[in-house]
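Please go through this briefing with the sequence and the 3D view side by side.

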Amino acid sequence: MSNLITGNKTPAQIEAMRQGGKILAKILRELCEFAKPGMTGLEIDQFARQKLAEYGAKSAYLTPEVNFPGVVCISVNDCVVHGAPNATPFEQGDVVKFDMVIEFNKMMVDSAVTTVIGEEPKGAVKHLLNDTKKALVAGISVVKPGVKTGDIGFAVETSLKKSKLGNVTELVGHGIGEKMHMKPEVPNFGRKGSGVVLQAGDTFCIEPMTSLGKGKVIFDGEWDVRMKDGSLSAHFEHTVLVTEDGVEILTME
């Protein structure tokens with residue numbers, strides 16, 4: 001992880017992240033619309049590559065430092081993050097996470113969404129997706145200059161406790177900008193008033209990772225991070241900018 005703090009960006013750099021964020025949001029929406037039962041992660045990855053080329057952006061994953069075997073993480077059911085694209089066909093009802101980091105005009109943005117293949121979410125799965133999104137909104141809602149990273153974590157954690165969802169605490173959000181991972185870390189738990197102070201111009205990612213189980217994970221192979229209890233999982237993420245009086249979500253269309 002870079003030692004650089006994410007602030008002190010030029011207006012041009014912030015605008016590059018703003019434009020890149022809109023591109024990323026569009027691609028993720030298109031991936032959710034494109035994915036159908038019977039398709040494979042390899043087909044999704046190829047579609048994402050085509051869209052990156054079409055919109056003039058690049059993947060941050062295809063570098064020697066990262067060396068990920070695709071441009072999109074595709075994590076299915078109990079795999080919560082970092083799933084590598086593979087040849088296993090999606091089944092109706094699979095809970096699939098798409099997570100991408102892209103580069104546009106030399107600046108990075110990061111976002112993730114969770115979708116259900118071939119049907120609308122219902123029952124416990126609907127609760128999982130809706131309340132993970134609520135936790136993301138809760139974390140974003142407290143962001144402004146002077147707030148600390150612990151305040152964000154506290155807001156996310158409090159929301160997830162109300163929802164009775166498992167909170168993956170072994171993985172965290174992070175600063176982003178010139179590099180994919182920068183300081184500060186942004187955990188999905190925390191104590192009010194603790195952590196790093198946020199300043200206008202900071203850009204970072206808030207990303208609740210949750211499950212219908214306990215929230216403990218195992219690292220399975222080179223990439224996959226799975227729920228230890230095999231429970232269904234969800235992941236939603238936005239890149240945000242601290243403004244002079246609040247927050248701007250950069251990864252929205």
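**Briefing on the predicted model**

N105 counts as exposed, at 54% relative accessibility (buried means under 20% relative accessible area, exposed over 50% and partly exposed in between, with a 1.4 Å probe and protein chains only). This is a predicted model, in which local features need pLDDT of at least 70 and side-chain atom pairs count only at pLDDT 80 or more, while totals for chains, interfaces and linings use all residues. Residues are numbered from 1 along each chain as its sequence is written, and side-chain values use heavy atoms, with hydrogens and water left out.

**Backbone geometry**

- Most residues other than glycine have a negative phi, and most peptide bonds are trans.
- N105, although not a glycine, has a positive phi of about 50°, and its place is in the loop between β4 (95-104) and β5 (107-116); helices (H or I, at least four residues) and strands (E, at least two) are DSSP runs, numbered from the N terminus.
- K164 is likewise not a glycine and has a positive phi of about 60°; this residue lies in the loop between α4 (149-163) and β6 (166-167) and is exposed, with a relative accessible area of 72%.
- K183 and P184 are joined by a cis peptide bond with omega of about 0°, and P184 has its place in strand β8 (residues 182-186).

**Aromatic pairs**

- Three aromatic pairs are found in a search of the whole structure, where rings of Phe, Tyr and Trp (its six-membered ring) pair if their centres lie within 6.5 Å, and planes under 30 degrees apart count as stacked, over 60 as edge-to-face and the rest as tilted.
- F34 and F47 form a stacked pair, with 4.0 Å from centre to centre and 5° between the planes, and this pair links distant parts of the chain, since F34 is in helix α1 (residues 11-34) and F47 is in helix α2 (residues 41-55), 13 residues apart.
- F34 is partly exposed, with a relative accessible area of 28%, whereas F47 counts as buried at 14% relative accessibility.
- Y61 and F68 have ring centres 5.3 Å apart and planes at 65°, so the pair is edge-to-face; Y61 is buried, with a relative accessible area of 6%, and F68 is buried, with a relative accessible area of 4%.
- Y61 and F68 form one aromatic cluster together with W223.

**Nonpolar cores**

- The largest nonpolar core has 63 residues, and those with the most contacts inside it are L31, F98, M100, F204 and I206; such a core is a set of buried Ala, Val, Leu, Ile, Met, Phe, Trp, Tyr and Cys residues joined through side-chain atoms within 4.5 Å.
- Helix α1 gives the most to this core, with eight residues.
- Apart from this core lies another one, of eight residues, among them V168, L171, V217 and M227.
- F98 touches residues including L28, L31, C32, I44, V72 and V113, not counting residues up to four places away in sequence, where contact means heavy atoms within 4.5 Å.

**A three-stranded sheet**

- An open sheet of three strands has the order β3-β12-β11, with antiparallel pairing; two strands pair if DSSP finds at least two bridges between them.
- β3 (79-81) and β11 (217-220) stand at the edges with a single partner strand each, so one side of each is left without a neighbour in the sheet.
- β3 pairs with strand β12 (residues 224-227) in the antiparallel sense over two bridges, and the bridge partner of V81 in β12 is V225.
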